[in-house]
Amino acid sequence: MTRNEECGGIPIVPADKDRSIQSGLGSIRDEAAPDADLPVIRPLLQESFAEWRKETESFFRRISVLLFDESGALVCSEGSLAADPRSLESVRDCAARLPFRQPVEPVRREWESCAAYLTPVPGRSDAPLAVLAFAAENDAALPDESAMEMSAMAWKQCYYRLLERREINGLIAGQKRAFKEAERNEALFQAAKRLYDQFEVPAVLSELLASMDKLYPGSKAHLYLSQDYRHEDARVKPLMLKHTSHDLVAKAFLEGTNAVETQLDGSVDIAVPMTGKQAIYGVLCASFRAEDWDETVLSAFSLLAELAGTAFENAKLYEQSNTLIDELRLINELAKRLSQSLRLKQIFQFITAEMLSIFEADYCSVLQLDPDTKQFTVMSSNIPGADTDRYLFDYGFCGIMFRTKEPLIISDYWQTRVVSSKLMENTGARSLIASPILVENEVVGAILIMHKNPNYFSYDNYKLLQVICTHIALAVTNASLHAEVRRMVITDHLTGLHTRHYLNEQIQRRQRKDRLGSLVLVDIDYFKQINDTFGHLTGDRILVQVSDIVKASIRQDDIAARWGGEELAIYLPGIRWDQAYRIAERIRKKVKEETDPEVTVSCGVSEWTHDSEKISVESLFNRADIALYEAKNNGKDCIYVR
């Protein structure tokens, strides 16, 4: 019986079989035990020792076995001598002295406490991979050297078998990672195609969130947008910069870098800026479970955010270009329609209706500034009872615009009450955009547009109103100039009364719609003598005095005009001759009492009714002229009726 059989028998691997195993391991063996891999190799040494120990259990009944790494440190041990400090120290010192950088022959040693056979197990280039030490109480108790060498070779086979298995598992894991990475890249590519195919901002955001759900089904994603935008998906939220030092979203937005935070439960929160070429448009956030997280997720997530930022920017630019085209078309159409009317009242009413339609607002008021009273008057409004309101030039939002000459936007009047506003309080409105109407850089009016919802108007609405107001100012200027020219044409420059042709037009219009009316002709007695005696300047002053008395003696709807020379005409719509006579008498008395130098007037009165045989301006004037002629020929300073 051989020494090997006496030790219980271990599996002996023939030399040719061992050579085939070594050649089969190939490059895996060639890579064994580089210095950088020692922290990884130590667990492998321990695992291979344990497996080898199970396979050769009967071999260890009488001896102890110790495994040392190349530094001489004990890796594993088995047997009673391993627990003896003296024996362990002796064997370890011997193992540490072995040169590991070159081939080493086995060493046999005996000490007072034990004997040991140390066999270096060769690795790459025959340099020792580790040292197996077989120890017993004395040299005679050690197994046969060939048995120990074969046992060491068996451990070596276990080691490389485990190494090969670990390498194969690593290759499989790497292949899985590669497949997963390829799938992720393909998914990102498809997501990029879908994102770039969208031309509208809502579609881009919806596609981004859908891609997030597909790529990271176990995550919880949110998108914080820095721009004023509303989306139907609750995961799209406005970006609020609060507590920036502790806010992951704010940090990513302000610094423009990825922010990662690991929670106590191992989950990971990330915030990645959604960046385009021109700006950072928001922050894409997600929370990942610990089992779903690895470093590759961050790079893929960052790429998705970058793709989304570019797609969002393209959609915004497309949207802005369409909006600009629509605004230009709208402004052009609005300017054309504004230029079609030269009446201020019509223009203001048209503006109110158009502003309500364009901005889809709840309320709109157009105010005009009276330069004499310094008050803003509501010229047109859809607010019940507000179309006659007046406000001092320094009151409310109109006061701010009067001072600054700049438009306003109020997101929430209830939260940011800069000034008091009756219009906002009476209507319950919360959002406001307003703009002054400027003519030659002077405020001549204002437009206030309101809505009951907070944060309703956008900055684009604010800019559009500002542009529209320049065209409104031009229309107001044209209408004002037209009104002034018309006033000059129909007004006598000396007396301030209307001209004769205007009076004729108004009488014709009234005769078409009224049922009756009266005409009073007033002539200043001895006016030629006054001019000859006192001069023409005094004569003009007398004309002005008499005209002022006439204007003070009639109603607002009555029409007074200079008929010619020293003759004045007064048309009294809806009045019979007897009432006209009393008005003429009042004028006659006041002229005699209030003029300086004192003058008198003669008056002729005529009327028309719907029953009159002939209804015309000429007939009415002819009869009044005859009555005036009779008054002049009957002593003057009197009134006749025809």
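**Close-up views of a predicted model**

**View 1. Surroundings of Phe 301 in the predicted model.** With neighbours within four places in sequence left aside, Phe 301 is in contact (heavy atoms within 4.5 Å) with Met 212, Tyr 216, Ile 270, Val 272, Leu 284, Cys 285, Ala 286 and Phe 288. The model is predicted: local features need pLDDT of at least 70 and side-chain atom pairs count only at pLDDT 80 or more, while totals for chains, interfaces and linings use all residues. Residues are numbered from 1 along each chain as its sequence is written, and side-chain values use heavy atoms, with hydrogens and water left out.

**View 2. The largest nonpolar core.** A nonpolar core is a set of buried Ala, Val, Leu, Ile, Met, Phe, Trp, Tyr and Cys residues joined through side-chain atoms within 4.5 Å; buried means under 20% relative accessible area, exposed over 50% and partly exposed in between (1.4 Å probe, protein chains only). The largest such core has 36 residues, and Leu 208, Met 212 and Phe 301 have the most contacts inside it. Two or more residues each come from helix 6 (145–196), helix 7 (201–215), strand 6 (220–225), strand 9 (268–275), strand 10 (280–288) and helix 9 (295–339). Helices (H or I, at least four residues) and strands (E, at least two) are DSSP runs, numbered from the N terminus. Helix 9 gives the most to this core, eleven residues. Another core, of 29 residues, lies apart from it and includes Leu 338, Ile 468, Ala 473 and Val 476.

**View 3. Helix 14 against helix 18.** The axes of helix 14 (residues 500–513) and helix 18 come within 10 Å and cross at roughly 115°. Axes are lines fitted to C-alpha atoms, for helices over the stretch in contact, and angles run from 0 to 180 degrees between N-to-C directions. Helix 14 is therefore roughly perpendicular to helix 18, a class that covers 65 to 115 degrees (under 35 is roughly parallel, over 145 roughly antiparallel, the rest oblique). Leu 503, Asn 504, Ile 507, Gln 508 and Gln 511 of helix 14 make the contact with Val 617, Leu 620 and Phe 621 of helix 18.

View 4. Lys 636, in the loop between helix 18 (617–633) and strand 21 (639–641), has a positive phi near 60°. Asp 596 and Pro 597 are joined by a cis peptide bond, with omega about 0°.
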